[in-house]
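I opened the notebook to look around a protein fold piece by piece. Here is what I looked up, in the order I went.

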Amino acid sequence: MLKKRNRRTLVCFVLISTILLIGCWDYEDIDKKSLVISVGVDRVGDKVEFSTEVAKLISRGEAAAEQVAIKGVYRDVSYGKTFEEARVSYDSKRAYPTFLGTTRVVVFSEKYAREGIESYLNRINNIFDYRKTLPAVVSRDPPRKLFDFGVENDISVGFFIEHNLRFLERTGAVLYPTIGELLSNIAMGEIGYVLPYIGIDEGAIRYLGLAVMKDSKLIEIIDVKDTKGILYILADQLQSTQAIPSPKENGNLYSVKKTLEKRKIKTDYNDGRPIIHIQLDLKGELQYQYHIEPVSDAEIKKLEQEISQQVKKDILKIVERTQKEFECDIFRFGMYFRADHPDIYKQIKWKEEYPKADIRVMVKTKIVNQHLSDPNAEKKY
């Protein structure tokens with residue numbers, strides 16, 4: 001238990017040192033600030049609710065001269081009819097000035113997100129100590145409840161959300177938009193965006209899907225199982241593994257790892273209608289079979305075709321929803337069209353053009369590694 005506590009303290013020390021000691025404020029002021037780890041924004045009645053996790057630091061009397069470490073976090077809540085009133089209420093309870101430069105995530109409640117988050121994004125953009133590389137998420141549960149729920153496998157809920165999203169982003173399982181990127185989307189004025197959607201599920205805080213934002217207002221939630229088509233278009237890196245039925249239709253399954261090798265998006269304009277060309281090149285690896293059997297080149301070809309058709313289907317399915325149901329370009333196709341056809345873009349309203357755009361998808365899959373043993377090979381022993 002002691003070793004575990006020491007290890008946790010060391011991790012906390014490294015993290016807080018990385019966050020704080022390279023800034024433009026004096027080291028001596030670090031333990032004289034209320035360091036906010038995470039911020040939750042909700043609407044309760046006619047007031048804004050700020051819920052936060054604030055770092056508990058080891059004081060100078062408890063640590064050596066040049067050490068600062070997080071002992072844990074405490075939760076705090078404040079209210080106000082405006083952001084400014086809520087901040088005054090928040091600061092009135094502080095022993096030291098509030099510092100937002102250590103914030104790991106901003107969590108919007110589903111209720112608040114439906115009203116619109118643009119005003120708070122502008123707040124972040126114009127408050128000097130907020131980092132513009134912050135992630136923002138929408139929570140199914142009120143942020144206050146989320147922070148009170150706590151986590152066992154990280155320093156705080158805020159750290160856990162950031163670490164979990166970064167981990168999932170590395171394989172393309174989630175999108176990780178920063179505040180700066182969201183502000184860029186808003187500045188364009190003609191496109192929407194998506195945010196990670198989280199909540200308490202099966203006794204843990206989990207990533208649940210994507211929140212669709214139109215005019216910076218939440219209009220729909222896409223369940224995690226239906227987000228694959230979005231990730232193929234937007235994720236910086238993408239790897240996924242799935243079980244695919246054998247081409248022999250004998251009930252066997254192949255575990256296939258798919259990696260996005262290349263993505264190309266081009267646009268045209270014909271007969272008053274935008275055309276979006278999406279081309280994807282995928283690399284496939286056969287990890288293993290549920291039941292070992294010989295696999296011919298012809299069967300490999302069928303597997304490649306099956307993967308390509310499935311990915312194309314996933315993309316077209318979600319694109320159709322964005323056009324007919326959401327009427328919102330969450331894929332940033334408008335940016336590609338503006339770059340390819342700047343003169344035409346100035347003459348049209350992309351919000352009106354996108355729902356009738358012709359989306360054409362081409363997917364090519366190449367299985368490069370089979371990782372399969374030959375069941376007909378002669379045994380040496």
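**Entry 1: the largest pocket.** I began with the lining of the largest pocket, where helix H8 (228–234), strand E10 (239–245) and strand E11 (253–270) each supply at least two residues. Helices (H or I, at least four residues) and strands (E, at least two) are DSSP runs, numbered from the N terminus. I noted the rule for holes too: on a 1 Å grid over the protein atoms alone, a pocket is an open set of points with protein on both sides within 12 Å along at least five of seven lines, a cavity is a set where a 1.4 Å probe fits but cannot get out, and lining residues have an atom within 4 Å of a point.

Before going on, I wrote down the ground rules. This is a predicted model, in which local features need pLDDT of at least 70 and side-chain atom pairs count only at pLDDT 80 or more, while totals for chains, interfaces and linings use all residues. Residues are numbered from 1 along each chain as its sequence is written, and side-chain values use heavy atoms, with hydrogens and water left out.

Which element gives the most to the lining of the largest pocket? E10 does, with 4 residues. The volume of the largest pocket is about 400 Å³. A volume here is the space filled by probe spheres set on the grid points, which are joined across faces, edges and corners. The pocket has 18 lining residues, and the closest to its centre are Ala173, Lys228, Gln239, Ser240 and Thr241.

**Entry 2: strand E1.** I moved to E1 (residues 34–44). I found 10 of its 11 residues buried, so E1 is largely enclosed by the rest of the structure. Buried means under 20% relative accessible area, exposed means over 50%, and partly exposed is in between (1.4 Å probe, protein chains only).

Next I looked up the partners of E1. Two strands pair if DSSP finds at least two bridges between them. E1 and strand E2 (residues 47–57) run antiparallel, joined by 8 bridges. Arg43 stands opposite Val48 in E2. The two strands form a hairpin with 2 residues between them, and Gly45 in the turn has a positive phi of about 65 degrees.

The other two partners run parallel to E1. Strand E5 (residues 105–109) pairs with E1 over 4 bridges in the parallel sense, with Val41 opposite Phe108. Strand E4 (residues 98–99) is parallel to E1 and joined to it by 2 bridges; there Leu35 faces Phe99.

**Entry 3: rings.** How many aromatic pairs does the structure hold? I got 12. Rings of Phe, Tyr and Trp (its six-membered ring) pair if their centres lie within 6.5 Å; planes under 30 degrees apart count as stacked, over 60 as edge-to-face and the rest as tilted.

I picked Phe50 and Phe83. Their ring centres are 6.2 Å apart and their planes are at 15 degrees, so the pair is stacked. Phe50 lies in strand E2 and Phe83 in helix H2 (residues 83–91), so the pair ties together parts that are 33 residues apart in sequence. Phe83 also pairs with Tyr120, edge-to-face, at 5.2 Å centre to centre and 85 degrees between the planes. Tyr120 lies in helix H4 (residues 118–126) and Phe83 in H2, so this pair ties together parts that are 37 residues apart in sequence.

Ring pairs link Phe50, Phe83, Phe108, Tyr112, Tyr120 and Tyr130 into a cluster.

**Entry 4: the largest cavity.** I counted 3 cavities of 30 Å³ or more. The largest cavity has a volume of about 90 Å³. Its lining includes Phe50, Tyr120 and Tyr130. E1, E2, H2 and H4 are the elements that give two or more residues to that lining.

Entry 5: Asp215 has a positive phi of about 55 degrees, although it is not a glycine. I placed Asp215 in the loop between strand E8 (204–214) and strand E9 (217–223). Asp215 is partly exposed, with a relative accessible area of 46%. Arg332 is not a glycine either, yet has a positive phi of about 65 degrees. Arg332 sits in the loop between helix H9 (297–326) and H10.
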